[in-house]
Amino acid sequence: MADDTKKSNGIAELRRKAELKIASQQSALEVSAEETDAKRLLHELQVHQTELEMQNEELQRTSRELQVVNSTLEEQVADRTKELSEAVARLQEEILSRKQTEADNLLLQQQFQQAQKLDSLGVLAGGIAHDFNNILMIIMGYCGLTKLDYETAEKHIPQIEKAVERAAELCRLMLAYAGKATLSETHVVMWALVEQVVHMLRATIRQNVEIKTHFSPKIPSIRGDASQLKQVVMNLILNAAEAIGEAQGVVLVSLAKAVIKPEQPVADYFGKTIPPGGYLLLEVTDSGCGMDDESMRRIFEPFYTTKFTGRGLGMSAVLGIIKAHKGSLQLVSQPGTGTTFKVYIPAQISATTEEQTVQPSVDEQWKGSGTILLAEDEVQLALTVRAMLEELGFNVIVASNGKEALELYHENAADITLVVADIGMPIMNGYEMFRELKKLDPKLPIIISSGFGDDEVTVALSRDAIAGLVSKPYKFDLLRRVLKSVIEGENV
Ligand SMILES: Nc1ncnc2c1ncn2[C@@H]1O[C@H](COP(=O)(O)OP(=O)(O)OP(=O)(O)O)[C@@H](O)[C@H]1O
Ligand SMILES: [Mg+2]
């Protein structure tokens, strides 16, 4: 409405201006009294034409103005587009540089981890070399002394055995750390095992530390590796005693049954839910120094130690063993108050009652007979085992690799009662030899003697097919026990 009024006002104004212009042009002309209609019409036309000319001018001006506005707008759009593409280019550059930084960081991290690993390996290798050198020195020393006077053998051999035990212990720790902890799985009488460890440690740890035990009347039976579980109990008690230090203190070792229900989830040390089910719960509590946050966080890190003489391998081995037994671990500690470790080992499904049997007694007089094929590539070791087997009443045929063992078996099949085989051998290893021999005679008993974790052996070969397992280094007693059981048809 307002636009229409403005427009009609504009038109009226235009007409007024045109009329004025024409009037001024005509004022000079002589106008006769008898103006004709034609003259008036002409006047009208002139006015109209002038109006149109003026409108045209106006339009041209507006068009020019529009052109100016248009070009300004175009310039602005071009500027903005330029700005935008510059911003995009900058962003792309930034993304690229970020990606590069991320890649650099990753590389640095990997290099750092690699360096740490190498560092750890260096510490590990150094530690092992140091310990082994000492052990070898002891063995060599006593051997030398015995050679001078064989009468002293009785006194020296137990020292040599002790040194060998130390070396074996070191190897077990290494295997556990490598996550190859589960060795020969058997029923483990846990209370007897704890008793045994406590008995041994009572004699070695300081007098100011009292070790108490508490066993629930019903302890679930478990399957596991007795020697590895011994490591767990021993490391936990040793750490507890070491945490008490010089002060008067108590270490309480208890065994009980624990049931974790699905509706009441329980988290382990790592915050992972412990699978529901029945467990044997081993608890070791000490009244020692406790741990600060850093120790709590790093306790399972291999080589983490706060002790002057510590290697920092005890707890990483404990963790490896618990994991291998599909168990879980919890830890509560308070600086100045003490620490409690809870170890959950899955109970056997069928039996939840206490086990009766302790170690089967070894018949020290037991002797066998017949021929044993011994496959062992290390000459000195083959000689030692051969001597042990002969001492037990067997004839021994020695092969230095799997292929030779097969050949010797072909030649002596009728005489050979059983085979004792190493795993790592040149030309044909123990696994392959085992399979080939079983093809020839599925009933042939084969005892595996290996330096690897038995876990690896039982992964590669079916446990049922193996007549017995002896982990190197093994004692004469163990070899006798395993042979006796295999020959008498017991399950080892
Ligand atoms: N019961 C405990 N109380 C307080 N601190 C503990 C306890 N158990 C472990 N720790 C801490 O955790 C660290 C790592 O323990 P771990 O058993 O792995 O190594 P270590 O005892 O130092 O050496 P080793 O290899 O001889 O066992 C210890 O040095 C100690 O600081
Ligand atoms: Mg320790």
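1. In which sense do strand S2 (residues 209-215) and strand S4 (residues 249-260) pair, and over how many bridges? In this predicted model, the two strands run in the parallel sense, and their pairing extends over 7 bridges. Within that pairing, Val209 has Gly249 of S4 as its bridge partner.

2. On the pairing of S4 with strand S5 (residues 277-286), the sense is antiparallel, and 10 bridges are found between the two. One of the facing pairs is formed by Lys257 and Leu280, the latter lying in S5. As a reminder, strands of a sheet pair through backbone hydrogen bonds, in either a parallel or an antiparallel arrangement.

3. These pairings belong to an open sheet of 5 strands, whose order is S2-S4-S5-S7-S6 and whose pairing is mixed. The edges are taken by S2 and strand S6 (328-334), each of which has a single partner strand, so that one side of each is left without a neighbour in the sheet. On average, and with direction ignored, neighbouring strands of this sheet are turned by 15° against each other. Helix H4 (residues 190-204) packs on the sheet, where it touches S2, S4 and S5, and its direction makes about 170° with that of S2.

4. Helix H5 (residues 226-244) deserves a separate comment. Its 19 residues reach 27 Å from the first C-alpha to the last, which is close to the 27 Å expected at 1.5 Å a residue. The helix is mostly covered, with 14 of its 19 residues buried. Just after H5, Gly245 takes a positive phi of about 65°.

5. The contact of H5 with helix H7 (residues 314-324) can be described in some detail. The two axes come within 9 Å and cross at roughly 145°, and the crossing in which H5 passes H7 is left-handed. From H5, the residues taking part are Gln228, Gln231, Val232, Asn235, Leu236, Leu238 and Asn239, which meet Gly314, Met315, Ala317, Val318, Ile321 and Ile322 in H7. By class, this contact of H5 with H7 has 8 nonpolar and 5 polar residues, and no charged ones.

6. Helix H12 (residues 476-487) has 12 residues and reaches 16 Å between its first and last C-alpha, close to the 16 Å expected at 1.5 Å a residue.

7. Most residues other than glycine have a negative phi. Lys326, however, has a phi near 60° and is placed in the loop between H7 and S6; with 12 C-beta neighbours inside 10 Å, Lys326 counts as exposed. Ile427, in the loop between S10 and helix H10 (430-440), has a positive phi near 65°, and Ile427 is likewise exposed, because 12 other C-beta atoms lie within 10 Å.

8. For the protein as a whole, the secondary structure comes to 12 helices and 12 strands. Of its 492 residues, 24% count as buried. Among the contacts with a separation of 6 or more, residues 24 or more positions apart account for 72%.

Key. Residues are numbered from 1 along each chain as its sequence is written. Chains are lettered from A and ligands numbered from 1 in the order in which they are written. This is a predicted model: local features need pLDDT of at least 70, side-chain atom pairs count only at pLDDT 80 or more; totals for chains, interfaces and linings use all residues. Helices (H or I, at least four residues) and strands (E, at least two) are DSSP runs, numbered from the N terminus. The expected span of a helix is 1.5 Å times one less than its number of residues. A residue is buried if 20 or more other C-beta atoms lie within 10 Å of its own, exposed if 12 or fewer, and partly exposed in between; C-beta atoms are placed from the backbone. Two residues are in contact if their C-beta atoms, placed from the backbone, lie within 7 Å. Two strands pair if DSSP finds at least two bridges between them. Axes are lines fitted to C-alpha atoms, for helices over the stretch in contact, and angles run from 0 to 180 degrees between N-to-C directions. A crossing is left-handed if the near helix is turned anticlockwise from the far one by less than a right angle, and right-handed if clockwise. Ala, Val, Leu, Ile, Met, Phe, Trp, Tyr, Cys and Pro count as nonpolar, Asp, Glu, Lys and Arg as charged, and the others, Gly among them, as polar.
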